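Trainee: Hi, could you walk me through this one? I'd like to start with the big picture and then look at some details.

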Amino acid sequence: MEREMYRELAFHPELDLEVRVAYNNSEEQIEQIRELAGMGIDLLIVSPNESKPLTPVVEEVYRSGIPVILIDRKTESEQYTAYIGADNYEIGATAADYIASRFGGKAKIIELQLGMTMTPAQGRSLGFQAAMRKFPEMEILAQVEMPSGMEELKAQFLDTLLQYPDAQAIFAHSDFLAENAYRWAQEAGKAEELFFLGVDGIPGLGKGIQAVEDGVLDASLLYPTGGAEAIQLALAILNNLPFEKNNILQTIVINKSNARILHLQMKKVESLQRSIDGQLEAIESLNQVYLNQRAYIFILVFSLLLAIVSGGVLLKSLKAKEEMNRNLEAKNREILEQQQQIVSMSEELQVATQARMDFFTNISHEFRTPLTLILGYVEGMLAGGAAAGKAARQDLGLVRKNALRLLRLINQLMDFRKTESGKMAVRASENGLVAFTREIVEAFRKMADKRNIELDFFAVEKELPAWFDVNMMDKVLFNLLSNAFKFTPDGGKIQVAVVKDPIAEKAIIKVEDNGRGMSKEEAERAFEPFYQAGDNRSRGTGLGLSLSKELVGLHSGDIKVWSEPAKGARFEVSLPLGAAHLSEGQKAGPKPDSISYDELAFLEEEEPETGTLPMVSTDAEHHILIVEDNDDLRSFLKRHFGNAYHILEAADGNTGLDMALEEVPDLIVADIMMPGRDGLELARILKTDLRTSHIPIVLLTAQSSMDQKIQGIQTGADAYVTKPFNLSFLSEVIKNLLQGRQALKERFSAIIQPGQLPSSMGSLDEQFLRKFTQYVESHYDDQNLTVENLSEAFGLSRVQLYRKVKALLGESVNDYIQQVRLRKASRLLLEGELTVAEIAYKVGYSSPGYFSTAFKGKYACSPSEYREKKSESSAR
């Protein structure tokens, strides 16, 4: 069958055939069918080994939409596309008829059966028995079913011959069984007495037709395989052509008379097939040669084109290279000229830089002289008792403290200039590093106690001698400790430790705090000159850590930082032990007995003299909020304005915003450069918030350029005052803003209409007043109209609404509501259509008596008297 399929496929090259052989194993055939279906085949041709086991898988493939052709035997279901094959029942009947014709209707027969579980065996046996019933004198002596092995079948067959010595014919279900039966009978000496009939009629050497021709078999029934017909049927199905579902192939009897002819015809067909196969192979070989030659031609053509293109590209590249060389020569000349200009400019810049540095150094020295005089006079006045009173002593203490701060900044700038120019020389001496560090830590003890900061000092070694410049190292440690205190909140913790690294022969000083910490970027840039974190712009020069790193580097040491946001920071200073890292010229420094005056400036800066602030005037009318991160300046402004105003304080922009929204002051004075939320952002938020948009804002700043002033005014601030400012000028600015606000109140003291709002008023305040007056005008007749209702309607708290209306109209919310109601009532009284009681209820009063009392309080007469007076005036 497979050979017939391939023979037919030779005429249909558009088809591909995948073949699987199960070798009479139904389970394996089921797996093979599922495998082929999973490969995406277009059509399945299957010869079921057994009908029942193969039925489910054939139905499964058929339902999936794949056409199924059954060959040789059907399944137990009609769910298949087409069937092609011989009728086994008809073959069995033909065998009975042929034996009857040869024996005149009288014969005794032994039937050799295939396994009766197989559909062909069942069909052939049933057809044979049915046809035998037509011949009453013919008898089936025995039916021998093929067992599991041929030896067992042989034994059963020979036993049957002995049992039935009168047997005349053997009908075997296949040529294979018939030929074996002949050999077994020949061994028993009975082959010549018996008639052997088989089924298949397969051509070829050693097959059924050859056996008939050689006289082994008396006859064979042709069982057509239908291989070629199956391919033809598959083409019809795939091309949507008409086809029969059940296609039965006819059989013929092969005997001595036609076996030779059929055998020769089959050989001729095989010869022709071999010739066709050879021609197909030759055609395939020629096709391959053609494809190879075409590929070679394509390669040659492509190579030729590539050579042409490459030649063109090469020619263009040569021209481009020549042009590039000319351009490079011109660029080189230009670069040389620019290099000469840069060298010249560099020399000029170096001269200018040196001049600026000299001026910077000289002006710093010039600052020290007046600062020394200021400190001398102030300290003399404090020591000699020239300042009478605590307030005067406090003011002098503030002057001394800020002069010391300025002196420290100047010294820091000069030290940085020295390190930058390489003129900072180390004067080292051998000192006890533990005692030195402990002394500096103890200098901060008072500050730690005041702020409730836990300050701890640890030293593993009792003594740790090291060579270092005392003046330099106290600057380093003071910088690290001052930063730790600056960024550690009250109630925090600061730890200082001195340890020895015996492996690296180094001394390590650790300063660790649990303050706000630094981000990764801030920690990486912490030692850059002039660098400050984004929220720390107003807290220093940005030179402290940079200078510390330079000073430690002069000792052949190193300083590192580890930090995470909200987890604090740890600085480690490592110094080499011994004096091997120092030259002889660097070992000439003296041993100071105490901390330098310069570093005391920091401690004085953090410990101002305290005194009793002036008592705030109890009859002050206005509240002023001061938002300033500098404690001294904030305290100074509070003392100065405390007699005239109620003063509220905030140390940063975030706190100032919260206080402004909660307290709603009459005026705000705010610094611009503050950590966190700066003054510009604070002003922008307050001026765009309905609750605070009416509050005048004065910005204080050291930024004095015109662009900076414009930026400040654009936020909505009402005044921009630059530092250093004249206190009298600031007082007048505050007074004028408050008077201007009072003038607006007086303009609204009468009952206003929404359209009467002045154009000078801010848009938010104008919108608020318009909505507020409209709301009251629309709801004045509601007895339940209260401050709580209005607060809910406008999204403000009771206090915020009260102060907003008070600031804009000069009267309380209840007073304004009553004024509107009384005005409406006076008009209704003049119209004369309603009684006094009806008017009282109509304008929102809960009782006529309360209405009369309120009316008399405003107009100095009762409602009835008011109506009579107005009527008499109209009559006259």
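**Getting oriented**

Mentor: Happy to! Among contacts (heavy atoms within 4.5 Å) in the protein between residues at least 6 apart in sequence, 68% join residues at least 24 apart. Keep in mind that this is a predicted model, where local features need pLDDT of at least 70, side-chain atom pairs count only at pLDDT 80 or more, and totals for chains, interfaces and linings use all residues. Residues are numbered from 1 along each chain as its sequence is written, and side-chain values use heavy atoms, with hydrogens and water left out.

Trainee: How many helices and strands does the protein have?

Mentor: There are 29 helices and 22 strands. Both are DSSP runs numbered from the N terminus: helices are H or I with at least four residues, strands are E with at least two.

Trainee: And what percentage of the residues is buried?

Mentor: Of the 876 residues, 43% are buried. Buried means under 20% relative accessible area, exposed over 50%, and partly exposed in between, with a 1.4 Å probe and protein chains only.

Trainee: Changing topic: what is the order of the strands in the open sheet?

Mentor: The order is β19-β18-β20-β21-β22, with parallel pairing. Two strands pair if DSSP finds at least two bridges between them.

Trainee: Which strands stand at the edges?

Mentor: β19 (646-650) and β22 (719-722) do, and each has a single partner strand, so one side of each is left without a neighbour in the sheet. From one strand to the next, the twist averages 20°.

Trainee: How many bridges join β21 and β22?

Mentor: β21, residues 697-701, pairs with β22 over 4 bridges. Look for T701, which stands opposite T722 in β22.

Trainee: Which strands does helix α18 lie across?

Mentor: Helix α18 (residues 631-641) lies across β18 (623-627), β19 and β21, at about 170° to β19. Helix α20 (residues 679-687) lies across β18, β20 (667-671) and β21, and runs at about 170° to β21. Those angles run from 0 to 180 degrees between N-to-C directions, with axes as lines fitted to C-alpha atoms, for helices over the stretch in contact.

Trainee: Can we look at α3 next? What span does it reach?

Mentor: Helix α3 (residues 51-63) has 13 residues and reaches 18 Å from its first C-alpha to its last, close to the 18 Å expected at 1.5 Å a residue. The expected span is 1.5 Å times one less than the number of residues.

Trainee: What do its buried residues pack against?

Mentor: They pack against α2 (26-38), β1 (44-46), β2 (68-71) and α5 (119-132). Among the buried residues of α3 are L54, V57, V58 and V61. Just after α3, G65 takes a positive phi of about 100°.

Trainee: Last topic, rings! How many aromatic pairs are there?

Mentor: The count is 15 aromatic pairs. Rings of Phe, Tyr and Trp (its six-membered ring) pair if their centres lie within 6.5 Å; planes under 30 degrees apart count as stacked, over 60 as edge-to-face and the rest as tilted. F103 and F195 form an edge-to-face pair, 5.7 Å centre to centre with 90° between the planes.

Trainee: Where do F103 and F195 lie?

Mentor: F103 lies in helix α4 (residues 88-103) and F195 in strand β7 (residues 195-200), so the pair ties together parts that are 92 residues apart in sequence. F103 counts as partly exposed at 26% relative accessibility, while F195 is buried at 5%.

Trainee: Which residues make up the ring cluster?

Mentor: Ring pairs link Y845, Y850, F851, F855 and Y866 there.
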